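Subject: Structure handover

Hello,

Here is the structure for you to look at. Please open it first, then read the notes below.

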Amino acid sequence: MCQSRRELTVNLLGKNLLGKEQGVAFVELAIIFPIVLFLFFGTFEYGLYLQTREKNASLSKQLGNAAFRDCVIPPAGQTNDQTCLDDVWAEFGGFVTSNSPDVEVVLSAYRLNGGTVDLRGRAGTPGGVANSRFPGGSNPLSLAIFRRDYVSAMGPFKQRVVVVEVFERYDVRDAFFNVFGNQTIYEVTIY
Amino acid sequence: MNVAPMSPAIRIASFRERGFAVVFAMLALFVVIAFSGMALDFGRLQRRQTDLQHAVDAAALAASAMVFEAGITRSELERTTEALVRDNLRMRGVSPASSSLAIGLQPHSLLDTEPVRQISVRATSALDPLVMDIAPFITQDFTVVAASAVAESRRIFTCLAIDTSGSMCENDGPVGSIANNNCEEVRDLKAGVISYVQLMRPEDYLGMWRFSQGPGNDLDSNCSFDRADDCENDGRHIAVEALVMVPMTRVGRDGLVQILQRPPYQNVLDSHPYTPTNGYSGLQGCRLQITGNPNYNGAVDYGAIIYFSDGVPWTAGESDLTAFSPGCSVELDNYPTSLTAAQRSNYDDIARKVHMGRWINTINQADLARNSGLTVYAIALGDPNAKYPRLDAFQGLPGTSSSETLVKDILMARIANDQVFLQKEFQEDTNDPNSLRYSGAANFPCVPDRDSIRGPEGKMVQTADSGDLRQILRDIGLSIKAKLVR
């Protein structure tokens, strides 16, 4: 039985096209799929990253609030900033390290002393103290340098400052993104 | 079989379909990329919002503590506040150039004469979205985020209502003795009061009432325990003594501390007659002291009563909250007005009613204080080490269960209107279904529900170690002195 010209054409064409489309689909899939995966996991990873930053930002803020209330507001009764920071860290440090073991924290207290700014106390985790981006050690900084590089608000009416820094190395959970390496999250609050 | 060559029309059709697949893929990819870009944009916006909010919160709160620095001007306060916001933003990696700030000081005074009470900080920051400002279907402007904070530094009128009954001198010497001035609780309490005073500023006021109990004056027989009866006009509160209502401007913070340490006030907290406590009189005295102060303006000032007691509910034999159920009158029939020595030493039903009546009246007085806009803080003292020779932890009677501790906490929370505590549900012993069970709103003492307690919420703090008093009082003082209000 002879097929009509039209039927024959469609059958042959369909077979031909089907085979070609399968190839195209695979090629397209090979191109698109990694991109879609990249975007999907990237968005997911970015959300986790932001969530971790939010957590650390909140931690920095709340610790700073506590240290500020205990060590900055009372000007007369509090004379030993180191003791004060130690008390604050003793109160909250256990909670912080047990709930966020990967976090490094450092609380620093600075006080204006004439024309210089002294580091009057520092408390926190060893890693936090070691990595602080604020001046440490026993050598006081001149007020001008401290204001220029760190806290411009420091002055005759703002003689005491508490700084809380929070560090966390953010491990990329998805091996897909390891090409970007791990990120160090840094959050800081100045009271 | 011969196959005819493909017609031009069919070739075009096949090309069209293949092109469609590519176009479709590109469109899909574009949509996926667009949504991913939006996710990134939202993340960046959220991140910037967090940075701004934290910066303005920190700056506003810090600035509120600078309000009363000697010699500070409004312009200097504004400058320092703005600098603090920018410091926080800069250290968080936000370019100060991308942000703008507005600092507001209230009350506003061009003459620079009125003290600042409120500092408002508003910050806006611009950033460049990846896709959200080019997406045609998004009309909202996502290029700017804003944050604001308002902090208050208020004039504080505090009255301390202090239990100076015998049990407050429990650790050293005979009960009720002030031998060698070694009363542990009172000594710790003094240190706490001083630390609180040190937080106050020249514009603040401090008052103090101590309460204990004089013989024959256990309760006011004329007091009806009606909630409308404030028991003010009976003249029976002889065991309560007003100490001072001192404007700090007159003596200064350090001056007041010295006053507390010098005669005649040094001994004010050192009298310890062995008697049950009548805290209701202390609360009443404090309320009148604050609201009667001509300088107190309830609209703008902050009035607080801090109530201390190591008193015990002494509901032994009931171990529940029946007597404190709505109405608060179950146990008050034939209410005795005093305790004999025998009743004091031999705990009995009458003694129990007396003690419960005191608690009820204290709750009433706390409600009256709240009706006047005052915030009541309640500090429950106890002693888990049973140092007090006759009584066990938290002054529960010998042989009684820990339910009294629980009842005491609940009643102290009710005095303070500490809704965080009052809304809880817990049971004294989870292994014993018959043990005291408190089920939050269903068991509010003396009122049917939380809405019946009007006025501000306070806070109940329980400690078993009077050595904690210093920190507790400091925390209270700091929380009410400088505060973010929104």
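This is a predicted model: local features need pLDDT of at least 70, side-chain atom pairs count only at pLDDT 80 or more; totals for chains, interfaces and linings use all residues.

Residues are numbered from 1 along each chain as its sequence is written, chains are lettered from A and ligands numbered from 1 in the order written, and side-chain values use heavy atoms, without hydrogens and water.

Chain A

Chain A has four helices and five strands. These are DSSP runs numbered from the N terminus: helices are H or I, at least four residues; strands are E, at least two. The order from the N terminus is α-α-β-β-α-β-α-β-β. Of its 191 residues, 47% count as buried (under 20% relative accessible area, 1.4 Å probe, protein chains only).

Chain B

Chain B has ten helices and twelve strands. Of its 486 residues, 56% count as buried.

Negative patch

Asp86(A), Asp87(A), Glu91(A) and Asp475(B) form a surface patch of negative charge. Patch residues have over 30% relative accessible area and no salt bridge, with like charges joined within 9 Å. A salt bridge means a side-chain nitrogen of Lys or Arg within 4 Å of a carboxyl oxygen of Asp or Glu. Helix 2 of chain A (residues 81-99) gives the most, with three residues. Asp86(A) sits in that helix. Asp86(A) counts as partly exposed because its relative accessibility is 36%, and partly exposed runs between under 20% (buried) and over 50% (exposed).

Best wishes

Conventions:
Patches are made of residues with over 30% relative accessible area and no salt bridge: like charges are joined within 9 Å, nonpolar side chains (Val, Leu, Ile, Met, Phe, Trp, Tyr) within 5 Å. Accessible areas come from the Shrake-Rupley method with a 1.4 Å probe; for residues, only the protein chains shown count as cover. Lys and Arg count as positive and Asp and Glu as negative; His and the chain ends are not counted. The place of a charge is taken as NZ of Lys, CZ of Arg, CG of Asp or CD of Glu.
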